[in-house]
Amino acid sequence: MSKGFDFIIIGGGSAGSVLAGRLSEDPSAQVLLLEAGGSDRHPFYHLPAGFAKMTKGIGSWGWDTVPQKHMQNKVFRYTQAKVIGGGSAINAQIYTRGNAQDYDDWRQMGCTGWGYDDVLPYFRKAEDNETWENEFHGKGGPLGVSEPRAPLPICEAYFAAAEALGIPRNMDVNGAAQDGTCYYQLTQRNVRRSSAAMAYVAPNRHRKNLTVKLGAQVRRVIVEKGRATGVELMDGTRLTATAEVLLASGAIGSPRLLQLSGIGPAEDLHGLGIKVVLDQPQVGANLQDHLDLYCISELSGPYSYDRYAKPHWAALAGLQYVFGRKGPVASSLFETGGFWYADADARSPDLQMHLGLGTGIEHGVAAMPQGGITLNSCYLRPRSRGSVRLQSADPAKAPLIDPNYLADPLDREMSIRGLKLTQEILAQAPMKDYILAERLPGPEVKSDAEYFDFICQHSKTSHHCAGTCRMGPDEGAVVDIRLRFNGIGGLRVVDNAIMPTVISSNTNAAAIMIGEKAADMIKSDHGMG
């Protein structure tokens with residue numbers, strides 16, 4: 001065994017980066033951050049519009065789902081980050097926290113200390129919000145949170161179209177109420193992406209007690225006499241953790257590594273020839289994700305950013321950004337949207353929309369040759385539950401990712417309602433000056449059966465996976481309410497896998513909050529300063 005550390009953090013993503021930055025604040029704690037991916041030096045990781053390259057494979061493991069049996073066996077590209085910063089380095093930089101009731105629901109499930117009033121201070125602690133400093137928002141934190149710099153006039157038309165349907169404008173969907181359309185705030189600082197790695201790791205790389213290893217894929221967590229004592233890397237190197245091993249590899253990566261370590265459903269592990277360390281059937285169960293549907297309209301003029309896909313326009317866009325921090329490169333391309341209702345009786349908004357200022361932005365989404373816009377919608381509180389399982393004991397093999405989309409009929413009904421709402425919005429009078437025609441789904445799609453056929457061809461993940469190492473007070477939960485692994489000492493899971501239910505929005509801000517809250521709990525448990 002090589003040199004030991006106090007804490008080994010597996011995964012340098014949104015939560016893992018927070019842990020590295022916060023735990024290394026105590027100079028007496030030796031902290032090791034292991035990231036399987038590489039550096040974020042490439043400009044695409046820092047330019048806001050670089051997101052358009054990310055879902056097509058840059059900085060990703062390159063995994064797909066299993067065929068979705070409730071969606072005509074459709075296989076989804078399932079982008080999972082493989083780079084320092086994790087999802088926060090490749091996402092669309094949307095800063096939304098979910099609804100206050102999401103966290104109060106967790107508390108009602110028995111997760112004491114995770115109600116909205118409990119987690120709000122950690123959202124505020126993380127923020128360096130350029131706009132707001134009030135009971136909901138903070139300034140001076142590590143994470144840059146900014147207003148969009150490059151919206152287009154069609155965004156204002158979208159707001160007016162939504163208002164024509166009774167959907168109000170909301171200036172802060174992370175504030176007192178979530179309902180309404182908005183410009184989303186973005187995880188950016190000075191019109192550059194503010195990933196968790198840039199916010200929490202990069203400024204602290206000089207600390208002598210913080211070691212960061214990139215390209216360091218963990219083969220397994222080492223468990224001895226019921227306690228996690230370290231990790232083994234792919235090259236056979238063993239590293240010891242005298243205090244805790246902190247697993248922060250995400251809702252797919254964390255259960256995958258646990259199972260490779262012999263921690264998971266015993267029957268599955270036996271079948272793959274993996275020695276069972278702990279039989280925990282809930283590891284990899286309870287997978288939840290938001291299914292993203294989209295309406296695409298062709299425009300009657302150059303009102304979106306599609307024309308900048310051509311080389312000479314792309315060159316102009318580069319100059320606009322370099323000399324003015326504006327134009328399409330300054331845009332995350334999905335910074336307009338909002339929250340509304342598929343079910344009028346829902347306890348809070350159950351739909352989220354993102355207005356894409358172009359077409360073909362994400363993998364598998366159609367592009368309009370003459371230019372267009374994309375209005376996405378997703379049903380926020382799916383009842384369907386999926387799983388993450390191993391297909392092989394070989395850690396080089398992709399896991400079996402099964403979101404089990406639309407297994408519950410309600411999810412199907414509400415998803416179709418959301419798609420119809422996006423069509424209605426784009427058909428309103430304020431959009432007439434911009435839109436030539438709706439192309440997808442198009443007027444030929446009329447019955448719910450036809451809508452279902454359409455979404456089985458035209459849909460994608462929202463990249464909001466959660467729940468696969470569920471937190472709870474019960475014995476069946478994977479981790480307790482302090483995120484300690486039930487049945488194994490010295491091991492915690494700190495990422496979106498711990499969510500009992502997925503929150504009603506994008507999930508990156510919540511992952512950062514989970515990292516902040518966990519860091520405080522770990523410091524308290526170990527008497528750290």
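Mentor: A polar contact is a pair of N or O atoms within 3.5 Å; within protein, one must be able to donate a hydrogen and the other to accept it. Keep in mind that this is a predicted model.

Trainee: Which side chain makes a polar contact of 3.2 Å with the side chain of R97?

Mentor: R97 sits in the loop between β3 (94-95) and α4 (100-108). A polar contact needs N or O atoms within 3.5 Å, and the contact here is 3.2 Å. The partner of R97 is the side chain of Y95.

Trainee: What is the distance of the polar contact between the side chains of R97 and E127?

Mentor: E127 is among the residues that R97 touches, not counting those up to four places away in sequence. Others in that list include Y103, Y116, F123 and I503. The polar contact that joins the side chains of R97 and E127 is 3.1 Å.

Trainee: Is R97 buried or exposed?

Mentor: Buried means under 20% relative accessible area. R97 has a relative accessible area of 2%. Because 2% is under that cut-off, R97 is buried.

Trainee: How are α4 and α5 oriented to each other?

Mentor: Two packed helices are described by the angle between their axes and the distance between the axes. The axes of α4 and helix α5 (residues 116-126) come within 8 Å and cross at roughly 125°. Angles of 65 to 115 degrees count as roughly perpendicular and those over 145 as roughly antiparallel, and an angle between those ranges counts as oblique. The two helices, α4 and α5, are therefore oblique.

Trainee: How many residues of the contact of α4 with α5 are charged?

Mentor: On the α4 side the residues are A100, Y103, D104 and R107, and they meet Y116, D118, V119 and F123 in α5. These divide into 5 nonpolar, no polar and, as charged residues, 3.

Trainee: Which residues do ring pairs link into a cluster?

Mentor: Rings pair if their centres lie within 6.5 Å. A search of the whole structure finds 13 aromatic pairs. Ring pairs link into a cluster the residues Y103, W106, W114 and F123.

Trainee: How many residues apart are Y184 and F339?

Mentor: Y184 and F339 form an edge-to-face aromatic pair, 6.2 Å centre to centre with 80° between the planes. Y184 is in the loop between β6 (180-183) and β7 (185-186), while F339 is in strand β17 (residues 336-340). Y184 is buried at 0% relative accessible area, and F339 is buried at 1%.

Trainee: What kind of aromatic pair do Y305 and Y308 form?

Mentor: Y305 is buried, with a relative accessible area of 11%, and Y308 is buried at 14%. Their rings are 5.9 Å apart centre to centre, with 65° between the planes. Planes over 60 degrees apart count as edge-to-face, so the pair of Y305 and Y308 is edge-to-face.

Trainee: Which residue does a cis peptide bond join to L440?

Mentor: Most peptide bonds are trans. In this bond omega is about 0°.

Trainee: Is L483 buried or exposed?

Mentor: L483 lies in the loop between β23 and β24, and has a positive phi of about 70° although it is not a glycine. Its relative accessibility is 0%. Because buried means under 20%, L483 counts as buried.

Trainee: How many of the residues of helix α8 (residues 250-260) are buried?

Mentor: The buried residues of α8 include G250, R256 and L260. S254, also in helix α8, is buried with a relative accessible area of 0%. The helix is largely enclosed by the rest of the structure, because the buried count for its 11 residues is 11.

Trainee: How far apart in space are S254 and T468, C-alpha to C-alpha?

Mentor: Leaving aside neighbours within four places in sequence, S254 is in contact with L247, A248, S249, V493 and D495. In sequence, S254 and T468 are 214 residues apart. In space, C-alpha to C-alpha, S254 and T468 are apart by 8.2 Å.

Notes: Residues are numbered from 1 along each chain as its sequence is written. Side-chain values use heavy atoms; hydrogens and water are left out. Helices (H or I, at least four residues) and strands (E, at least two) are DSSP runs, numbered from the N terminus. Buried means under 20% relative accessible area, exposed over 50%, partly exposed in between (1.4 Å probe, protein chains only). Contact means heavy atoms within 4.5 Å. Axes are lines fitted to C-alpha atoms, for helices over the stretch in contact, and angles run from 0 to 180 degrees between N-to-C directions. Angles under 35 degrees count as roughly parallel, over 145 as roughly antiparallel, 65 to 115 as roughly perpendicular and the rest as oblique. Ala, Val, Leu, Ile, Met, Phe, Trp, Tyr, Cys and Pro count as nonpolar, Asp, Glu, Lys and Arg as charged, and the others, Gly among them, as polar. Rings of Phe, Tyr and Trp (its six-membered ring) pair if their centres lie within 6.5 Å; planes under 30 degrees apart count as stacked, over 60 as edge-to-face and the rest as tilted.
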